[in-house]
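Hi,

Here is the structure I said I would pass on to you. Have a look at it first, then read my notes below.

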Amino acid sequence: MSAPEAVKGRSLWDDARRRLLSNPAAAASLVLLTVLVLAALVGPFLTPFSYDHLNKDDVLVSPLTHGHLLGTDVLGRDLLARVFVGLRVSLMVGVVATFVSLGIGVTYGSIAGYVGGRVDEVMMRIVDILYSLPFIFFVILLMVTFGKSLILLFVAIGAVEWLTMARIVRGQTLSLKEKEFIEAARAAGLTTPAIILRHIAPNLLGPVVVYVTLTIPGVILAESFLSFLGLGVQEPLTSLGTLVSEGARDMELAPWTLIFPALVMALTLIGFNFIGDGLRDALDPKDR
Amino acid sequence: MPGFVLRRLLLIIPTLFIVITLSFFLMRMAPGSPFQTGRKLPAAIEKNVMKRFGMDKPLGVQYLNYLVGVVHGDFGPSLKYRDKTVLQMICDDFPKSLLLGLTSLILATIIGVGLGVMAALFQNKPPDYAVISLAVLGICVPTFVTAPLLALLLGSKLGLLPIAGWGQPQNLVMPIIVLTLPQVAIIARLTRAGMIETLRSNFVRTARAKGLSSWRIVTRHTLPAALLPLVSYLGPACAGLITGSLVVEQIFNIPGLGRYFVVSALQRDYTVVMGVVILYSALIMIMNLLADVLYAALDPRVTLK
């Protein structure tokens with residue numbers, strides 16, 4: 001976006017970007033996550049071995065032998081290739097399931113917040129009740145019942161994670177509705193859609209973006225948890241959780257099968273958490 | 001206040017009803033049956049077995065029968081472990097999970113509050129950064145990573161502790177460490193945030209102006225107010241410990257309830273799954289209620305309606 005050389009006001013987002021980049025932890029995490037995403041996208045094409053190819057002569061070889069940078073697993077599969085693919089699957093599940101929860105949460109929350117009154121009360125009471133359920137049990141039951149497909153994984157996790165999003169969006173809409181600048185916009189003669197689009201949506205975006213970056217690691221964790229229990233991503237496809245669980249099984253013989261996937265997973269989660277925290281600080285002007 | 005507690009207790013009943021209904025039909029929609037174990041049973045035998053457990057009736061009737069049973073405190077027999085009722089299994093195995101969970105919760109509270117207070121008193125100094133980094137690690141490294149790593153290090157390499165099993169005190173150490181770490185992280189974070197906020201408030205300034213010692217200011221004035229947010233964390237902590245126990249009990253081979261839940265769901269042991277879900281749902285809801293009541297009791301600004 002190249003604006004003309006006029007005096008330019010600093011928008012909320014310019015400000016936020018400046019603040020985010022001056023936060024060392026968040027900036028470092030941004031670099032880290034870029035590297036990880038690139039590795040997940042491009043990595044699988046760069047490895048000399050395919051992630052599901054069984055190298056029969058190289059079973060459980062340690063790192064840096066026979067061209068296997070990170071060694072191989074118990075079936076002789078190249079660990080580096082598997083970590084790349086696992087990272088790709090985990091990131092994909094994280095992003096897609098988060099968007100499922102985003103869709104449900106924002107719709108639900110904004111309806112409750114905007115309509116208000118009785119509808120709001122009933123809708124939020126439902127959220128309260130759902131909140132008090134041990135959701136991991138339902139995800140486990142869903143996975144057991146409908147088979148272990150990737151699509152279901154997205155839906156099951158997304159269907160569980162939308163509650164907080166709905167609460168955040170509803171609270172935000174509710175308080176925004178009463179703000180003076182909305183009143184001013186209305187007094188200036190703006191139509192309702194214009195008010196929502198120009199004034200409510202941008203203010204909603206901040207908390208939503210923050211929560212999205214914090215939901216993605218939560219989802220990755222949930223997926224890994226399920227994969228660890230044998231209910232998530234199925235062979236020969238893999239995810240970080242599946243890799244960690246395989247590594248935990250073989251760690252006595254081959255500690256690297258546990259250490260590398262665990263490291264990548266921890267780095268991914270830490271990256272998202274720091275960016276989320278950084279964004280929260282950057283997007284909340286009241287906090288300064 | 002009594003009215004509030006009563007109403008919340010009554011709200012638990014419809015919520016449990018939803019839980020039971022959802023999990024009952026979810027479980028029954030799952031393909032497979034508890035009586036299929038590798039080889040195919042002759043049709044006549046399968047029919048007899050189904051009849052014994054009342055599973056030959058229409059699903060709706062079974063559902064009603066189950067509900068009636070639950071109301072009478074009868075959770076039915078296990079379909080897999082012959083000669084055991086679900087209630088017996090819960091009585092046998094839940095105490096183990098409870099022991100692990102409670103110990104972890106208490107330990108995590110003591111350590112987490114200590115670390116959080118330290119971080120707040122040294123805000124933006126090295127001890128603070130150390131605690132924050134530890135907290136991020138504790139939140140980001142999941143139990144199923146810490147558990148095998150710990151087993152590898154303390155168990156296999158150093159040989160200090162048994163890798164798996166149950167019955168000796170040594171068996172408790174690693175599971176409790178693994179369950180405690182993430183809770184310590186969250187509690188330390190909450191305490192730190194609460195302390196920092198409270199340290200800026202007027203009554204703490206007054207206390208300081210009165211010339212109280214800083215020890216007294218922290219223990220008598222700041223901490224009680226700063227710990228309030230922690231009370232509402234009781235419910236989520238309980239849920240987190242239950243989730244953690246599913247992993248920990250599997251890795252360390254502990255015959256607790258969490259381990260049976262996953263095994264039973266995979267084996268279609270309907271009644272055991274239902275029993276565990278009901279128990280844990282009720283537990284989480286009661287913890288949430290307890291948290292709200294405690295909060296109101298501790299914070300004079302809150303009145304329960």
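**What I found**

Let's start with a helix pair: in chain A, helix α3 (residues 79–115) and helix α9 (residues 240–250) pack at an angle of about 135°, with their axes 7 Å apart. Helices here are DSSP runs of H or I with at least four residues, strands are runs of E with at least two, and both are numbered from the N terminus. The axes are lines fitted to C-alpha atoms, for helices over the stretch in contact, and angles run from 0 to 180 degrees between N-to-C directions. α3(A) and α9(A) are therefore oblique to each other (under 35 degrees counts as roughly parallel, over 145 as roughly antiparallel, 65 to 115 as roughly perpendicular, and the rest as oblique). On the α3(A) side the contact is made by A:R82, A:V83, A:G86, A:L87 and A:S90, and on the α9(A) side by A:L240, A:T242 and A:L243. Two residues are in contact if their C-beta atoms, placed from the backbone, lie within 7 Å. Sorted by class, this contact has four nonpolar, three polar and one charged residues. Nonpolar covers Ala, Val, Leu, Ile, Met, Phe, Trp, Tyr, Cys and Pro, charged covers Asp, Glu, Lys and Arg, and the others, Gly among them, are polar.

Before you go on: this is a predicted model, where local features need pLDDT of at least 70 and side-chain atom pairs count only at pLDDT 80 or more, while totals for chains, interfaces and linings use all residues. Residues are numbered from 1 along each chain as its sequence is written, and chains are lettered from A and ligands numbered from 1 in the order in which they are written.

Helix α3 of chain A also holds A:R88. Is A:R88 buried or exposed? A:R88 is buried, because 22 other C-beta atoms lie within 10 Å (20 or more makes a residue buried, 12 or fewer exposed, and in between partly exposed, with C-beta atoms placed from the backbone). Not counting residues up to four places away in sequence, A:R88 touches A:A40 and A:P44.

Next, helix α6 of chain A. A:L153 sits in this helix and is buried, with 27 other C-beta atoms within 10 Å. Leaving aside neighbours within four places in sequence, A:L153 is in contact with A:V93, A:E223 and A:G232. A:L153 and A:L237 are 84 residues apart in sequence, and their C-alpha atoms are 14 Å apart in space.

The largest nonpolar core has 143 residues, and A:V139, A:I140 and A:V244 have the most contacts inside it. A nonpolar core is a set of buried Ala, Val, Leu, Ile, Met, Phe, Trp, Tyr and Cys residues joined through C-beta atoms within 7 Å. A:V139 touches A:A156, A:I157, A:V160 and A:L226, again not counting residues up to four places away in sequence.

Now to chain B, which has 13 helices and zero strands. Its C-alpha atoms fill a box of roughly 85 × 55 × 30 Å along the principal axes, and buried residues make up 36% of its 305 residues.

Finally, how do the chains meet? The contact takes 35 residues from chain B and 30 residues from chain A. On the side of chain B that touches chain A, α1(B) gives the most, with eight residues. That side of chain B has 29 nonpolar, six polar and no charged residues.
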